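Work through the two exercises below with the sequence and the model open beside you. Each task is followed by a solution in steps.

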Amino acid sequence: MAHKVALIRGDGTGPELVAAVEKIFNTANLNIDWIDVEAGLACVEAGKPIVPDETIAKIKEVGIGLKGPMTTPIGKGSVSPNVTLRKKLDLYACVRPAKSLPGVETPFKGLDLVIFRENTEDLYAQIEYMVTPTVAQSLKIISEFGSERICRAAFEYARKNGRKQVVCVHKANIMKVADGLFLRTFKKVAAEYPEIEAWDNIVDNQCMQLVTRWNSYDVLVTENLYGDIVSDLVAGMMGGLGVAPGANYGTKCAVFEAVHGSAPKYAGLNKVNPTALLLSATMMLEHLGELDAKKNIEGALEATLSEGTKTYDLGGSATTSGFADAVCAHLKG
Ligand code: NAD
């Protein structure tokens with residue numbers, strides 16, 4: 001039976017990246033029933049909400065979504081479609097693996113860590129206003145419930161995947177109340193996993209340590225804003241935003257998406273790297289239990305990169321569609 005997957009094509013470069021992944025999945029003979037759903041700038045332009053209720057309902061119904069990146073209007077106006085989607089579907093765990101890829105040269109050899117970012121709270125609660133005409137205030141919301149479930153997700157992942165260590169990333173030295181609650185909750189959850197080493201780092205120190213001692217880290221768990229920033233840092237260490245995958249898990253649904261945004265300046269140029277979205281899609285295959293297909297596609301991707309077929313961001317000249325064709329040519333079966 002076909003797997004039903006709700007598909008958001010996204011804004012900017014989103015549609016061309018989604019087309020590349022679709023082509024690779026079709027060539028790999030995956031039995032996926034893609035159900036197109038709308039969200040993003042096109043909805044706003046058509047006078048609809050940035051994420052229409054029907055889109056939320058369809059993703060809830062099928063339980064799985066694949067999403068091209070969406071553009072967030074800056075400043076006044078619409079809220080972020082990405083944040084809206086994560087909140088409405090309660091996709092509380094944003095999981096971002098950062099692993100060195102063959103053929104992608106970086107100074108960070110043997111990088112292999114996973115970031116668990118809390119996805120629904122923190123400054124992303126989007127509660128902000130002008131206190132006076134010249135002073136703005138944004139509220140940082142951290143709850144014990146939200147902290148506990150993301151920390152538990154990180155420890156469960158570590159246990160299931162044979163990871164040895166979970167590190168909590170915070171700024172509790174300054175934000176003693178909010179980050180203090182996150183850290184206390186982390187320590188409480190950690191006590192239930194005595195076989196896994198647990199400690200914590202202040203976020204600025206963590207960033208420095210990631211670039212000097214990246215092999216000392218395994219699983220990191222953190223709040224929403226720090227997770228957003230630290231995952232772009234490790235995306236750069238992997239080789240850039242073009243190669244960094246991600247997934248958002250809730251209790252009822254999961255939505256898979258690259259770490260990067262819609263890169264609008266490259267829209268329609270057939271230029272950007274589909275690797276990040278493809279690796280997000282293979283995370284989806286793992287979620288669907290399609291492990292052989294995941295291995296086949298990741299093997300073909302690695303062979304493509306290793307032979308030197310690369311898009312501009314990795315120093316090559318392959319187009320988005322050309323890169324996808326090269327991956328297809330390496331698929332087995
Ligand atoms: P971005 O991630 O879209 O792009 C930053 C730069 O990274 C690009 O200019 C490009 O040089 C590079 N890049 C990104 N994706 C690439 C790819 N696949 N291949 C090669 N290079 C790639 O970040 P931005 O320019 O700050 O944001 C653009 C829009 O995307 C904004 O509206 C932002 O809000 C939104 N955004 C969406 C998501 C999401 O959908 N999850 C995430 C981040 C940003």
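The exercises treat the ligand site and then the nonpolar cores.

This is a predicted model, in which local features need pLDDT of at least 70 and side-chain atom pairs count only at pLDDT 80 or more, while totals for chains, interfaces and linings use all residues. Residues are numbered from 1 along each chain as its sequence is written, and side-chain values use heavy atoms, with hydrogens and water left out.

**Exercise 1.** Describe the surroundings of the ligand and its polar contacts.

*Step 1.* For polar contacts (N or O pairs within 3.5 Å), a polar backbone atom of Gly 261 lies 2.7 Å from a ligand oxygen, a side-chain N or O atom of Asn 82 is 3.0 Å from an oxygen of the ligand, and a polar side-chain atom of His 260 is 3.2 Å from a ligand nitrogen.

**Exercise 2.** Locate the largest nonpolar core and follow one of its residues.

*Step 1.* With a core defined as buried nonpolar residues joined through side-chain atoms within 4.5 Å, buried being under 20% relative accessible area (1.4 Å probe), the largest has 88 residues, and Leu 66 and Phe 116 are among those with the most contacts inside it.

*Step 2.* Leaving aside neighbours within four places in sequence, Leu 66 is in contact with residues including Val 5, Trp 34, Phe 256 and Met 284, contact meaning heavy atoms within 4.5 Å.

Definitions and conventions. A polar contact is a pair of N or O atoms within 3.5 Å; within protein, one must be able to donate a hydrogen and the other to accept it, and residues adjacent in sequence count only if both atoms are side-chain atoms. Buried means under 20% relative accessible area, exposed over 50%, partly exposed in between (1.4 Å probe, protein chains only).
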